[in-house]
Amino acid sequence: MPPRPNVSRVFHRSLVQKFPEATGARGAYITDASGKQYLDASGGAAVSCLGHGHPKVVAAVTHQLERMAFAHTSFFTNEPAERLAEILSAKAPGGEWRVYYLSGGSEANEAALKLARQLHVERGEMSRDTFISRRLSYHGNTLGALSVGGRTAHLATFGPILLPNVRKIDPCFAYRWQHEGESEADYAVRSAAALEQEIADLGEGRAIAFIAETVVGATLGAVPPVPGYFKQIRRICDEHGAFMILDEVMCGMGRCGSLFACEQDGVVPDMISLAKGLGAGYQPIGALMVREELAEVIEQGSGAFIHGHTYVGHATACAAGLAVQQVFEEDNLIARVARMGDRLADALAAQFADHPHVGDLRGRGLFRAVELVADRASKEPFPAAKKLAARIKARAMENGLICYPMAGTVDGTKGDHVLLAPPFIITDAQIAELTDKLARSIDEAIAATA
Ligand SMILES: Cc1ncc(COP(=O)(O)O)c(C=O)c1O
């Protein structure tokens with residue numbers, strides 16, 4: 001076959017859509033090759049928490065590259081890895097932690113699943129063979145992470161090759177699942193009781209771990225649990241010997257107004273997976289944090305986690321992560337997230353509270369979402385065939401706004417929301433620009449569905 005002219009040799013995410021070329025980025029804005037500027041109100045997918053081009057992170061990465069870019073961790077440790085782990089352990093709730101570095105969120109969750117199983121094996125609990133997770137969640141695209149994820153769109157293609165030993169319960173999602181007249185406290189108990197029931201159905205001594213996003217990100221749109229939910233989950237996991245894994249790949253590292261999202265739920269999980277805001281986009285880095293006493297089970301048992309990738313503990317990636325933590329500290333940025341998050345919530349409420357097609361505004365800190373409905377009273381979503389989320393994304397790009405619309409909010413197919421995750425440095429003027437461009441994009445997209 002003759003070569004096709006003018007075809008990108010990149011296997012892009014979409015082979016039918018054309019993407020503008022990003023050529024520069026500073027602060028809250030990305031510029032494309034035509035010179036057009038976009039307000040980056042979702043940090044891609046909740047990644048760029050410091051905005052773009054932060055001089056301190058750039059300097060730290062550059063310095064590390066010149067000093068020593070990489071030394072394989074089966075031979076060496078390195079200073080940025082050690083220092084970053086010290087900081088994360090000191091700041092995580094509930095005592096000491098160990099940090100296993102990875103290159104992204106899927107890898108962090110994959111490692112969590114394997115470590116949970118290995119821990120049981122080391123303790124002689126060989127019968128534990130099943131994970132429990134939640135419907136309508138997202139934990140990544142590798143096969144293990146995809147198996148515990150609760151998106152349904154991929155099932156027709158990949159269902160037959162996913163892990164068979166995964167059970168799922170409903171998410172804790174007040175807007176759609178809390179009953180009329182039910183208190184938050186009662187809903188927390190009912191929602192968490194599904195885990196106890198699932199463990200009972202499975203049989204005592206079978207559950208390896210329960211994994212959930214502390215605040216659900218992409219699939220449901222910034223859905224925090226109702227107060228008390230994770231305390232119930234913690235109790236149930238303890239009573240039945242299952243590990244509690246919180247996926248904070250998206251919602252962690254300050255995004256919700258505390259370094260770890262679960263601090264606000266008053267719980268200490270057994271493992272926490274991190275990525276995105278950990279490296280803030282300056283380097284690809286993820287991490288799995290595990291409670292010290294669990295790491296000691298391995299230390300005093302077989303001596304090693306049966307796992308590893310080439311780039312585990314990559315010095316330059318860790319240098320970026322360390323610099324991000326230092327900027328958080330020096331600029332008191334996490335407190336700023338809480339403050340600006342309230343302002344963003346107020347601005348969204350002012351813009352959308354009376355909008356006929358906005359059913360819910362929710363989130364924590366600078367992790368917010370707008371859920372769209374055809375009818376507010378019945379909460380009926382737009383028909384999936386209208387492709388509202390995709391239309392909003394296209395209109396927003398046209399209007400110079402990067403946001404993160406997703407479809408499937410209600411059941412994996414129906415429902416639409418827009419996720420917002422602006423940088424922690426966002427200003428009041430940029431919040432006004434965000435809400436204005438978002439409102440315009442939503443209205444244009446809805447008009448186009450008529
Ligand atoms: C909650 C959550 N977990 C895991 C992942 C997977 O992370 P990655 O894309 O870095 O593999 C994501 C990515 O969006 C996520 O939002």
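A salt bridge is a side-chain nitrogen of Lys or Arg within 4 Å of a carboxyl oxygen of Asp or Glu. The model in these views is predicted: local features need pLDDT of at least 70, side-chain atom pairs count only at pLDDT 80 or more, and totals for chains, interfaces and linings use all residues. Residues are numbered from 1 along each chain as its sequence is written, and side-chain values use heavy atoms, with hydrogens and water left out.

**View 1. Glu196 and Arg235 pair in a salt bridge.**
The closest N and O atoms of Glu196 and Arg235 are 3.7 Å apart. Glu196 sits in helix H8 (residues 184–202) and Arg235 in helix H9 (residues 229–240), so the pair ties together parts that are 39 residues apart in sequence. Helices (H or I, at least four residues) and strands (E, at least two) are DSSP runs, numbered from the N terminus. Glu196 is partly exposed, at 24% relative accessible area. Arg235 is also partly exposed, at 32%. Here, buried means under 20% relative accessible area, exposed means over 50%, and partly exposed lies in between (1.4 Å probe, protein chains only).

**View 2. Glu330 and Lys56 form a salt bridge.**
Side chains of opposite charge can pair when their charged atoms come close. For Glu330 and Lys56, the closest N and O atoms are 2.8 Å apart. Glu330 belongs to helix H11 (residues 315–330) and Lys56 to helix H2 (residues 55–68), so this pair ties together parts that are 274 residues apart in sequence. Lys56 has 43% relative accessibility, so it counts as partly exposed.

Glu433 is partly exposed, with a relative accessible area of 22%. Lys437 is buried, at 13%. Elsewhere, salt bridges that share partners join Arg234, Asp238, Asp270, Arg291 and Glu293 into one network. The structure holds 25 salt bridges.

**View 3. The second largest pocket holds about 940 Å³ of space.**
Rolling a probe the size of a water molecule over the atoms shows where empty space is left. A pocket is found on a 1 Å grid over the protein atoms alone: it is an open set of points where a 1.4 Å probe fits, with protein on both sides within 12 Å along at least five of seven lines. Lining residues have an atom within 4 Å of a point. Grid points are joined across faces, edges and corners, and the volume is the space filled by probe spheres set on the points. Of the 35 lining residues, the closest to the pocket centre are Arg98, Val99, Tyr100, Tyr101 and Val312. Elements giving two or more residues to the lining are helix H3 (79–91), strand E4 (97–102), helix H4 (105–122), strand E10 (286–291) and helix H10 (292–300). H3 gives the most, with six residues. The lining divides into 18 nonpolar, eleven polar and six charged residues. In this count, Ala, Val, Leu, Ile, Met, Phe, Trp, Tyr, Cys and Pro are nonpolar, Asp, Glu, Lys and Arg are charged, and the others, Gly among them, are polar.

**View 4. Leu143, Phe158 and Ile161 form a nonpolar surface patch.**
Together these residues have about 280 Å² of accessible area. Patches are made of residues with over 30% relative accessible area and no salt bridge: like charges are joined within 9 Å, nonpolar side chains (Val, Leu, Ile, Met, Phe, Trp, Tyr) within 5 Å. Accessible areas come from the Shrake-Rupley method with a 1.4 Å probe; for residues, only the protein chains shown count as cover. Ile161 lies in the loop between helix H6 (155–158) and strand E6 (166–169). At 53% relative accessibility, Ile161 counts as exposed.

**View 5. Ala46 and Lys379 have positive phi values.**
Phi of Ala46 is near 60 degrees, and this residue is not a glycine. Ala46 is in helix H1 (residues 43–46). Ala46 is buried, with a relative accessible area of 3%. Lys379, also not a glycine, has a positive phi of about 60 degrees. Lys379 lies in the loop between strand E12 (367–372) and helix H13 (388–398). Lys379 is partly exposed, at 28% relative accessible area.
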